[in-house]
Amino acid sequence: MNEDADPQEPEAEPAETAGDAEPVESSPDPRADSTPLWTAFLLPISVLIGAAVIVAAILAADTRSAPTESATPALNDLTTAVGSLSAEVQSLSAEVESLSDEVELLALEVELSGAVDRAPAAPSGPRTLRDALSAYATSLDLDAERFDACLGDEGTFDAIREQLQRGIDLGVSGTPTFFVNNKMISGAQPAALFAAIIDAELDGSPTSIDEYPEAIRALADSVPPRLAILPERPDASGAPIEGSPDAPVVVLEFSDFECPFCQRWYVDTLPGIRALVGEDVAIAFFHFPLTQIHPNAAMAHAAAECAGSQGKFWEMHDLLFERQGEWSSLPNVN
């Protein structure tokens, strides 16, 4: 509305007349109308009210559509926190998946370990006596066919029985039994005793027990006697010999490869005697298997005899004593 305008319209002036012209009718008097004056303001007021309502609605819509400045940072912080939590959840999920893979791998290892434990163990050594003896022959580079044929030859066992009988004829009743020239010694005596008797033989060969030191005389006085002097030196022909066959002192051993006392003598005493072997001292071996108590002894002696036929008796002799715990408990089957 124009501020300069009069809120109330003025009364109209009478129009000027000219000559005979008809006079113009004047405007009617507003006061003569019976309609109240305030009704004239209804339309402008309603327009103003409508405009105000529209503006208020627009402002309200803007307020609802856009967050306030104070709410925006909080919303941003919440969004950041949710993103961080999502990343942590993803990392934890990856760790769980990795742990699951490790558990599956561990379960597989346990299963495989159990399968290995349940699997039958492969034999770690020979299963029969014949297998063991053949393996020893192979380790000594013997001709396998000749060795096997010799083990199956009855003549091999005849030679063993012949030596056994010679020992019986000399009075041998157990193993080990030794003859140092014509001095018979029973049992696995210590190396010092053998050294003393050998020295005495080299010095002239005593003919009486009284010529020996007291410790040696005590062996002769034991029951049964462990030392005796025979009329003559036993014949060692046909026996394998270490040293010179013509040596003035020959230590003749009657032994059983399965005998534990014979093995003990081999370990404890024989090395000292071997140190003396040469032109003056020799060692000979005779078979004396006690098959009644040592069921694998005969085959072991046959193996030594067969190795001897190929020039390796003493190598097999040593191997049989060293591996006694292995072959002596094996079944004697083909």
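A residue counts as buried when its relative accessible area is under 20%, and because T177 has a relative accessibility of 3%, T177 falls in that class. The structure described here is a predicted model, and the protein has 12 helices and six strands.

- T177 lies in strand β1, which covers residues 177-180, and a polar atom of the T177 side chain is placed 2.7 Å from the backbone oxygen of G174.
- When neighbours within four places in sequence are left aside, the residues in contact with T177 are V172, M184, I185, L252, E253 and F254.
- P176 is located in the loop between α5 (154-169) and β1, and the peptide bond that leads from T175 to P176 is cis, with an omega near -5°.

**A further cis peptide bond**

- The peptide bond from V223 to P224 is cis, with omega near -5°, and P224 has its place in the loop between α7 (214-221) and β3 (227-229).

**Positive phi outside glycine**

- D141, although it is not a glycine, has a positive phi of about 60°, and this residue is found in the loop between α3 (129-139) and α4 (144-151).
- D141 counts as exposed because its relative accessibility is 66%, where the cut-off for exposed is over 50%.
- S205 is a residue other than glycine with a positive phi, near 60°, and S205 is found in the loop between α6 (191-202) and α7.
- With a relative accessible area of 27%, S205 is classed as partly exposed, since that term covers values between the limits of 20% for buried and 50% for exposed.

**G243 and its surroundings**

- G243 is found in the loop between β4 (241-242) and β5 (249-255), and its relative accessibility of 36% is why G243 counts as partly exposed.
- Not counting residues up to four places away in sequence, G243 touches V277, G278, V281 and A282.
- Computed along the sequence, G243 and A284 are 41 residues apart, while their C-alpha atoms are 8.8 Å apart in space.

**Packing of α8 against α11**

- Two packed helices are described by the angle between their axes together with the distance between those axes.
- The axes of helix α8 (residues 260-268) and helix α11 (residues 313-322) come within 10 Å and cross at roughly 115°, and α8 is therefore roughly perpendicular to α11, given that angles from 65 to 115 degrees are counted in that class.
- The crossing in which α8 passes α11 is left-handed.
- On the α8 side the contact is made by C262, Q263 and Y266, and on the α11 side by H317, D318, F321 and E322.
- By residue type, the contact of α8 with α11 divides into three nonpolar, two polar and two charged residues.

Key: Residues numbered from 1 in each chain as written. Predicted model: local features only at pLDDT ≥ 70, side-chain atom pairs only at ≥ 80, totals over all residues. Heavy atoms only, no water. Helix = DSSP H or I, 4+ residues; strand = E, 2+ residues; numbered from the N terminus. Buried < 20%, exposed > 50% of the residue type's maximum accessible area, 1.4 Å probe, protein only. Contact = heavy atoms within 4.5 Å. Axes fitted to C-alpha atoms, helices over the stretch in contact; angles between N-to-C directions. Parallel < 35°, antiparallel > 145°, perpendicular 65-115°, else oblique. Left-handed = near helix turned anticlockwise from the far one by under 90°. Nonpolar A, V, L, I, M, F, W, Y, C, P; charged D, E, K, R; others polar. Polar contact = N/O pair within 3.5 Å; in protein donor to acceptor, adjacent residues only side chain to side chain.
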